[in-house]
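Please read these notes with the model open beside them. They are set out as numbered points.

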Amino acid sequence: MEKGIVIQGVGLTYSSAAGSFEALRDIHLSIEPGEFICLLGPSGCGKTTLLNTIAGFLEPTAGSVVMDGKRITGPGPDRGVVFQQYAVFPWLTVKENVQFGLRLAANRCSSEEIDRISEHFIDLVNLRDFKDAYPKQLSGGMKQRVAIARSYAVNPQVLLMDEPFGALDAQTRHFMQESLLQILEKERKTVVFVTHGVEEAAFLSTRVVIMAARPGRIREVIPIDVPYPRDAATKTSPEFIRIRAGIEKVVREEFQKLRSSEGI
Amino acid sequence: MAGANPGIEGRFKRKQRRERIERRVYFVASFALLMLIWEACRAVGLINPKLFPSIAAVAQSCVAQLRDGSLQQHMYASFLRVLVSFSIGIVLAVIFGFLIGWFRVVRLLADPGINFFRALPPIALIPLMIIFFGIGETSKIIVLSYASFFPALVVIYQALVSLDPIYVRAARTLGATNMEMFRKIILPQLVPHIITACRVSLGVCWATLVAAELIAAQRGIGAMMVEAQNFFQMPPLVLGIILIGIISLVMDAIVRLIETKATQWQEKMSN
Ligand SMILES: Nc1ncnc2c1ncn2[C@@H]1O[C@H](COP(=O)(O)OP(=O)(O)OP(=O)(O)O)[C@@H](O)[C@H]1O
Ligand SMILES: [Mg+2]
């Protein structure tokens, strides 16, 4: 049995009464356990769609997604998701949101564990002063941090994160990037991470997957041969800057292609 | 929240209090104005004073009926009917609302029927129910339950099918079972809608009550009014009208109070 996530010839066509749209075509990607994959590409190229097939929310119309030898047929607690739209439960406070997963029968946590773990992650995302606030009282970036803490708290084997740091200010984003890497050093996890930030992708991942649009497909896979642990200093090393420039070039090309194909 | 400025908070509280007092003053003024118009119409002769009693006469009749206990009995009878029927209607509406919202087959099967029955005024059932069950309590309870059932059913099942699926997805990835999904994700989102359903149903139920009591009842506010009509006693008749209005106002205020408590988390368009 092959460990990890294997995406075999995945295609996905959305169809509705209005017509059909080919969002993904012939995606092949093998993700080893413990890998950190970043998906990069122009808006609308199918990053969220691909993430949703791994999460099990969408069934591919061609090919299959296999995890640890088993075909993925639906969502499960082994794959934690941070949604692009946050999906923080509006009827629960910040603390109750973070504790939500821990209180489910599946996670079998004692009440001391629930308190300890939730406090740890509420502190990590710096929301201690807001732990009794409802989501309507929070800014977009604060909601995003609640969503991150909620998914970290249940400690899933795989983390699927859709632009999780997109709404954060630069300082908080750097802090969240570094703390994510620190968490991964302690607990080996597989991460698939969608971002628009080239630097973010290069800094976090073992491989960057650059996608092209219409139909969504993989344009290039770039390995990041910079050893972990990485920290703020990594971003200024010549090696890192060279890799980053290489990714930047491909991303810009894809963007230009999309614009000219759309006739803008 | 942490670090809020006490000065600003105090000013906000004062402003809220001022607005509350303002609202109360206008509330009283509004009814005072209505009473003024009432008496003025009689004084000017716009309505025949013989056909429409004075405020004092209505108040007198109210006190007299309170003294001999008949008013309490009428109100108790009406309340009991509404309470029992409303409870039956809401409980059934919640159960059926879930079945219809959850199972596609039930939805497809029930949808045309629902649209037929919700368009049918409850009063239209009264003659049939009287033939089936006689003029006793049963026929009234059935008509009133029916009256509160359909509006609530429609509110609940439409709320259920328009829930955002993203929360269900999020809960699945955190490991929720079907039962946990129902208790912790679906139900909390439905609470505000169930309360709205209660409000609508209570209104319809109360409105139908008088019609049901007008036809055949010994006790109840509607019965009191029919009796007054038969003996051409205007004060109790008008008293009945006023009571019905006041009671529905009070009931609505109570439900609204529960609503604000239960839906603190919701984002409101306005207050
Ligand atoms: N439910 C849907 N029905 C039809 N088309 C859809 C649906 N969801 C997405 N699409 C289309 O599929 C394409 C890919 O969408 P997707 O959300 O995966 O893009 P994305 O790469 O995540 O974009 P962004 O960076 O803006 O989040 C888009 O062109 C979109 O129009
Ligand atoms: Mg997306």
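The points below take up the ligand sites first, then single residues and backbone geometry.

1. Basis. This is a predicted model, in which local features need pLDDT of at least 70 and side-chain atom pairs count only at pLDDT 80 or more, while totals for chains, interfaces and linings use all residues. Residues are numbered from 1 along each chain as its sequence is written, chains are lettered from A and ligands numbered from 1 in the order in which they are written, and side-chain values use heavy atoms, with hydrogens and water left out.

2. Shell of ligand 1. Around ligand 1 there are 13 residues, of which Ser43(A), Gly44(A), Lys47(A), Thr48(A) and Thr49(A) come nearest; a residue counts as near if one of its heavy atoms lies within 4 Å of the molecule. By type the shell divides into 4 nonpolar, 7 polar and 2 charged residues. Here Ala, Val, Leu, Ile, Met, Phe, Trp, Tyr, Cys and Pro count as nonpolar, Asp, Glu, Lys and Arg as charged, and the others, Gly among them, as polar.

3. Oxygen atoms of ligand 1 lie 2.9 Å from a backbone N or O atom of Gly44(A), 2.8 Å from a side-chain N or O atom of Lys47(A) and 2.5 Å from a polar side-chain atom of Thr49(A). Taken alone, ligand 1 exposes 640 Å², and the protein buries 63% of that; accessible areas come from the Shrake-Rupley method with a 1.4 Å probe, and for residues only the protein chains shown count as cover. Two or more residues of the shell come from each of β2 (19-31) and α1 (47-55) of chain A, and α1(A) gives the most, with 3 residues. Helices (H or I, at least four residues) and strands (E, at least two) are DSSP runs, numbered from the N terminus.

4. Magnesium ion. Which protein atoms are the donors of ligand 2? They are OG1 of Thr48(A) and OE1 of Gln84(A), lying 1.9 to 2.3 Å from the magnesium ion. Thr48(A) lies in helix α1 and Gln84(A) in the loop between β6 and α2 (94-99) of chain A, so the pair ties together parts that are 36 residues apart in sequence. Donors are N, O and S atoms within 2.8 Å of the metal (3.2 Å for Na, K and Ca); water is not among the atoms, so sites may look incomplete. Thr48(A) is partly exposed at 30% relative accessible area, as is Gln84(A) at 34%. Buried means under 20%, exposed over 50%, and partly exposed in between (1.4 Å probe, protein chains only).

5. Arg79(A). This residue is in strand β6 (residues 79-82) of chain A and is buried, with a relative accessible area of 6%. Leaving aside neighbours within four places in sequence, Arg79(A) has contacts that include Ile54(A), Met67(A), Pro156(A) and, from chain B, Thr173(B). Contact means heavy atoms within 4.5 Å.

6. Thr195(A). Beyond four places in sequence, the residues touched by Thr195(A) include Cys38(A), Leu40(A) and Glu163(A).

7. Asp231(A). The loop between β10 (217-223) and α7 of chain A holds Asp231(A), which is partly exposed at 41% relative accessibility. A polar side-chain atom of Asp231(A) lies 3.0 Å from the backbone nitrogen of Ala233(A).

8. Backbone geometry to check. Most residues other than glycine have a negative phi, and most peptide bonds are trans. The bond from Arg214(A) to Pro215(A) is cis, with omega near -10 degrees, and the bond from Tyr228(A) to Pro229(A) is cis, with omega near -5 degrees. Phi is positive at Tyr86(A), near 70 degrees, and at Ala87(A), about 55 degrees. Tyr86(A) is buried at 19% relative accessibility, and Ala87(A) is buried at 3%.

Technical notes. Polar contact = N/O pair within 3.5 Å; in protein donor to acceptor, adjacent residues only side chain to side chain.
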